[in-house]
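Hi,

Here's the structure I said I'd pass on to you.

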Amino acid sequence: MRLFKIFFLIIFTFLFFFNTINADPLKDLSRKLEKSFSDQPNKKVAVLSLPYPDGALSSGSTIVQERLTTFLVESKKVEVIERNLLKKVLEEMKLEMSGITDIKTTQEIGKLLGVNAIITGTLNDISSSKTEVNARVIQTETGKILAAGQAVIKKTWTDAPVKPSGTTTVPTTSTTTTPNNFLGKPLVQIAILLDTSNSMDGLINQTKSQLWKIVNELSSAEKGGDNPILQVALYEYGNAGLSAGEGYIRQVLPFTTDLDKISESLFALKTNGGQEYCGAVIRDAVNGLKWDNHSDVYKSIFIAGNEPFTQGTVDFRESVTSAAGKGIIVNTIFCGRYQEGIATQWKAGAETGNGEYMNIDQEAQIVSIKAPQDDEIQKLGKEINKTNIPYGTEGQKAKEMQVTQDRMAESYAGAGAPTQRALFKASSQYSNASWDVVSEVESKRLKVEDIKKEDLPKELQSMTRKELSDYIQKKIIEKKEIQKKITELSEARRKYITQKEKETVKGNNTQTLDQAMLKAIHTQAAKKDFKFKD
C-alpha cells in the first residue's frame with residue numbers, strides 16, 4: 001500500500017510539473033484578465049492588437065491579439081467582439097486596431113460596439129526568441145483599468161516592428177487623427193505579385209494588356225474631391241531563373257508612380273519553371289515595401305498563380321497575418337478552376353488577409369468593345385508626347401521609353417490597351433516630372449533661368465531665355481488643350497461602352513484579370529471612402 005502511495009505521488013508530481021511546464025502563458029494571462037468580468041453585468045469585450053512601447057507594429061501584434069481572443073472565447077466567461085466587426089468600426093473612426101487608451105475614444109467604441117471593456121497593452125522583445133506581453137482590461141465608460149497581467153511567450157514571427165506615423169495608434173491624450181495627405185492628395189498602394197513559372201504566359205499577357213485599364217479606373221476614383229496618388233509595386237516569383245537562396249523571388253520594382261516603368265518591367269518578364277512560394281513572396285512584399293501607415297490609405301496585395309498556396313517553408317498564414325496587422329489587404333487570384341483554388345488554399349489565404357478570392361481563365365482572349373472615339377483618343381495620346389521636352393541624357397532615355405511603351409500597348413490593340421494608355425496620359429496620374437522640362441516648369445519646381453541649356457535638345461539650345469520661356473508656355477497650353485479633348489472624348493466613350501455592355505449578352509462567366517482586380521478594388525476602396533464613376 002505504501003509503495004502504491006509513493007508511486008501515485010510520483011505520477012501526480014510528474015503530471016503537475018508537466019502541465020505547468022507546458023501551460024500556455026497567454027492562456028494563463030487570458031484567465032487572469034477575464035476574472036475582472038466576474039462582477040460586471042456586461043461581459044462584452046473587444047481585443048485590440050498590441051503594439052510595441054513606441055507604437056510600432058509587427059505581425060506579432062496581430063498574432064497575440066488572435067490568440068488572446070481564442071482563449072477568451074474558449075473560456076465562455078466573456079463575449080468577445082468579432083475581429084472584422086471591430087476593424088470596421090475602427091476604420092470608420094479612422095483608427096488602427098491598437099493602443100487606444102483615451103477616455104473619449106474608449107467611450108465611443110463602447111457605445112458603437114456595446115462592449116463594457118477593451119483589452120489592450122504592449123509587446124516587448126526581451127530576446128530574439130522571446131517577447132513579453134503586458135495586457136490590461138480598460139472599462140470603456142470610465143477608462144478605469146479593471147485588470148492587468150504579464151506573460152512571456154515564444155516569439156513566432158520574424159518581421160521587425162514598424163512605427164506608424166500620423167494615426168492614433170499609441171497611448172495619447174489626443175482624440176484627433178491625422179488623415180493621409182500624400183502630396184496633398186489621398187493615396188492608393190497596390191503590390192502585384194505574379195507567378196512567372198512555366199505555363200503562366202497567359203497571366204503575364206493579361207497583365208500587360210490590362211495594366212492601363214486597371215490604373216485608369218484607380219486614377220478616376222475620388223476621395224474628398226481629389227483623385228488619388230497611385231503607387232504600384234511589382235514582384236515576380238516561382239521563376240527558375242531567379243535565385244534559389246532568395247526563394248525564387250524578385251522585387252521587380254518598389255512602389256512607384258511612374259507607370260511607364262511598370263509597363264516596361266512587365267514586358268520584360270519571361271516565364272521559366274520553378275517553385276512557387278506564396279508565403280515567402282507575400283512576406284517579402286509586406287516587409288520589403290514602404291507601406292504607408294495611415295489608416296485611410298487603400299493598401300492591397302494582389303497575388304496570382306496556379307500552384308498550391310502552401311508551397312515553401314514560410315507559412316502563408318504568418319505572412320498574411322503580418323499584412324493584415326499593417327492594414328494591407330491580401331487578395332488571391334487562382335489561375336484555374338474555382339474549386340481547385342479552394343482545395344489548394346488560395347481562398348484560405350484571401351480570407352486570412354481580409355481580401356477577395358478570385359479565379360480567372362488566364363487563356364481567355366480579352367476583346368474590348370471598340371468605341372467611335374478610340375482612334376481620335378489614340379491619336380491625341382501620341383500628340384501629348386510632342387509637348388514634352390527631355391532634360392539631359394536620362395530625359396532622352398525616358399522619352400524614348402515613352403514611345404516604346406506606346407508601341408508595346410499597340411501590340412494589344414484588340415484588348416483596347418492603346419486607348420487605355422492614351423486615356424491615362426490625360427489623367428492627373430501621368431507625370432513626366434522626373435525628366436520633362438515642361439512638367440517641371442508648369443509645377444513651378446523649375447525656373448526657366450535655372451535650366452542648363454546644354455541639357456536641352458540641340459534645337460532649343462540656341463534660344464534666348466525669353467524665347468525658351470515662351471516656347472515652354474506654348475507647350476504647357478498645348479498639353480492642357482489635348483488633355484481636355486481626351487477627357488471630353490473619354491466621357492462620351494464611357495457612355496457608349498456602358499450602353500454596349502448592357503446590350504451584349506454574355507455567353508459565359510469567364511473572368512479575366514482586370515475584371516477580378518477591379519471588382520475587388522471597387523469594393524475595398526469604397527470602404528476607405530473612395531468613389532468611382534458608375
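Below is what turned up when I went through it, one region at a time.

Before you start, keep in mind that this is a predicted model.

Let's begin with the open sheet. It has 5 strands, in the order E2-E1-E3-E4-E5, and the pairing is mixed. Which strands stand at the edges? They are E2 (79–80) and E5 (145–154); each has a single partner strand, so one side of each is left without a neighbour in the sheet. The partner relationship between E4 (residues 130–139) and E5 is antiparallel and runs over 9 bridges.

Next, zoom in on Ser300, in strand E9 (residues 298–305). Is Ser300 buried or exposed? Its relative accessible area is 0%, so it counts as buried, the cut-off being under 20%. The Ser300 side chain makes a polar contact with the side chain of Tyr298, at 3.5 Å. Leaving aside residues up to four places away in sequence, Ser300 touches several others, including Gln189, Ile190, Trp291, Asn331 and Gln524.

How many cavities of 30 Å³ or more does a search of the whole structure find? There are 4.

Last stop: strand E11 (residues 357–360). In a regular strand, side chains alternate between the two faces of the sheet. You can follow this along E11, where Tyr357 and Asn359 point one way while Met358 and Ile360 point the other way. Are these four residues of E11 buried or exposed? All of them are buried. E11 pairs with E10 (residues 329–335) in the parallel sense, over 4 bridges. One of the residues to look for here is Cys335, which has Ile360 in E11 as its bridge partner.

Cheers

Terms used:
Residues numbered from 1 in each chain as written. Predicted model: local features only at pLDDT ≥ 70, side-chain atom pairs only at ≥ 80, totals over all residues. Heavy atoms only, no water. Pairing = 2+ DSSP bridges. Helix = DSSP H or I, 4+ residues; strand = E, 2+ residues; numbered from the N terminus. Buried < 20%, exposed > 50% of the residue type's maximum accessible area, 1.4 Å probe, protein only. Polar contact = N/O pair within 3.5 Å; in protein donor to acceptor, adjacent residues only side chain to side chain. Contact = heavy atoms within 4.5 Å. 1 Å grid on protein atoms, 1.4 Å probe; cavity = no way out; pocket = protein on both sides within 12 Å on 5 of 7 lines; lining within 4 Å. Points joined across faces, edges and corners; volume = space filled by probe spheres on them.
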